[in-house]
Amino acid sequence: MKKMSIVLLALLLTLSLAACGGDGGQQEAASDDAAGAEDSTPYHIGFTLLGTDWVLNYMRTEAEYTVMTENADNGWEYISADFSTDKMQSGVQSMLSSGIDGLIYSGIYTTLTSTIIEGCEAAGTAFVMSEFPPLDDQIEELRASDQFVGYFGANVFGQGYQLGEIAARQGGTVALTISGPIGDTSHDLRVAGFTAAFEEGGGKVVGNAHCNFPTEAIDKSSDLLAAHPDVDAVYGATGVHTLGMVNALKNHNRTDTVKVYCTELDSDLLPEVRAGRMIGDGGTAAEFVLATTLLLNRLAGHPILDDDGKQPVSDEMLPLIVTAENADSFEKEFIDEHPFTEAMIKKFLWKYNKDVSWADYQDFIDNYSLDRIIEQKNAS
């Protein structure tokens, strides 16, 4: 009798295992969710907001969306530096003291880089950088820190350069520029890029103004326009500075004679683009999405390293050129909707994609375009 019971038990166990193995299709369909469920430990992420304007808030929103896509239970907080070095430093220290697990740091103030490294090392907090590139001579110092995850951003010189090429090609001969404070690496490089391309194309940049605060943009633009009545092109290093220039052009009744070129378009500027008075670039929120995934992968214990086995410092990506022809499409894909779907984000997260590597990031950089974003959205 005991022998029969053992045989029966073995038979039932065999049938049970066979039934589990026969559900391969269902298991495959649930594989992504299963992979993501392996580690649901929430992280507390801090973000440094340089100040309050449309583009900066937009970037913050997309970084937060990425964090919450990784795990809806993740914590999120941010500080606004109000365009102040002191507030940036004290805000970062406050978040480190609060016990954040990771920091998304906007490194506009290069004099703070060593201080931020020391603070993150003391707190044991991993940090990633985006948009504002580190100085070349700071990269080695950053990579020497165990807490540095990487930098992911656009080619800021290339941002200005590609718009300077367009301005010269469209017949511009005399140009002005408006940007943030001297020493803002990203703004300085954008202006340098625009100037180089515009002058290579036969034009001349005859004046530029630097604003310590965006609220100065209208008055400083007005002063430039008054001093240079022959100008036929202007370049703004950000949307908020360009908006000041646009208002100054209206005040001077020169909107029909001066073409505007803008890096990091605000949504408020799209009517100018549609009217053919402006060409800009956009889509830099993608930088913050991908930088945030680098941080989340590091926190998950699977840091993404570049082809040399180092923390990636990538400034290759060029933003999208936005014209009257594609303004509606850009607005739909990047403003009305998130530029990345949840499925697109999860392809860059080890939690959901165990095969993710730097090659995936490089492929995105190499093929970044509005059409590619639409294609990936439709496929997800």
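Entry one, a helix pair. I began with the contact in which S329, F330, E333 and F334 of α14 meet L370, I373, I374 and K377 of α17; I kept in mind that the model is a predicted one. Sorting this contact of α14 with α17 by class, I found five nonpolar, one polar and two charged residues. I then looked up the axes of α14 (residues 327-336) and α17 (residues 370-379), which come within 11 Å and cross at roughly 50°. Because an angle under 35 degrees would count as roughly parallel and one of 65 to 115 as roughly perpendicular, I wrote down α14 as oblique to α17. I also noted that the crossing of α14 and α17 is left-handed.

Entry two, the sheet. I traced an open sheet of six strands in the order β2-β1-β3-β4-β5-β11, with parallel pairing. Its edge strands are β2 (75-80) and β11 (313-317), each of which pairs on one side only. Within the sheet I followed β4 (residues 126-130) and β5 (residues 148-154), which pair in the parallel sense over four bridges, and I found that V128 has G150 in β5 as its bridge partner. Helix α16 (residues 358-366) packs on the sheet and touches β5 and β11, and its direction makes about 25° with that of β11.

Entry three, one residue. Where does T61 lie? I located T61 in helix α4 (residues 54-70), and I recorded T61 as partly exposed because its relative accessible area is 33%, which falls between the 20% and 50% cut-offs. The C-alpha atoms of T61 and F288 are separated by 9.5 Å, although these residues are 227 residues apart along the chain.

Notes. Residues are numbered from 1 along each chain as its sequence is written. This is a predicted model: local features need pLDDT of at least 70, side-chain atom pairs count only at pLDDT 80 or more; totals for chains, interfaces and linings use all residues. Side-chain values use heavy atoms; hydrogens and water are left out. Buried means under 20% relative accessible area, exposed over 50%, partly exposed in between (1.4 Å probe, protein chains only). Axes are lines fitted to C-alpha atoms, for helices over the stretch in contact, and angles run from 0 to 180 degrees between N-to-C directions. Angles under 35 degrees count as roughly parallel, over 145 as roughly antiparallel, 65 to 115 as roughly perpendicular and the rest as oblique. A crossing is left-handed if the near helix is turned anticlockwise from the far one by less than a right angle, and right-handed if clockwise. Contact means heavy atoms within 4.5 Å. Ala, Val, Leu, Ile, Met, Phe, Trp, Tyr, Cys and Pro count as nonpolar, Asp, Glu, Lys and Arg as charged, and the others, Gly among them, as polar. Two strands pair if DSSP finds at least two bridges between them.
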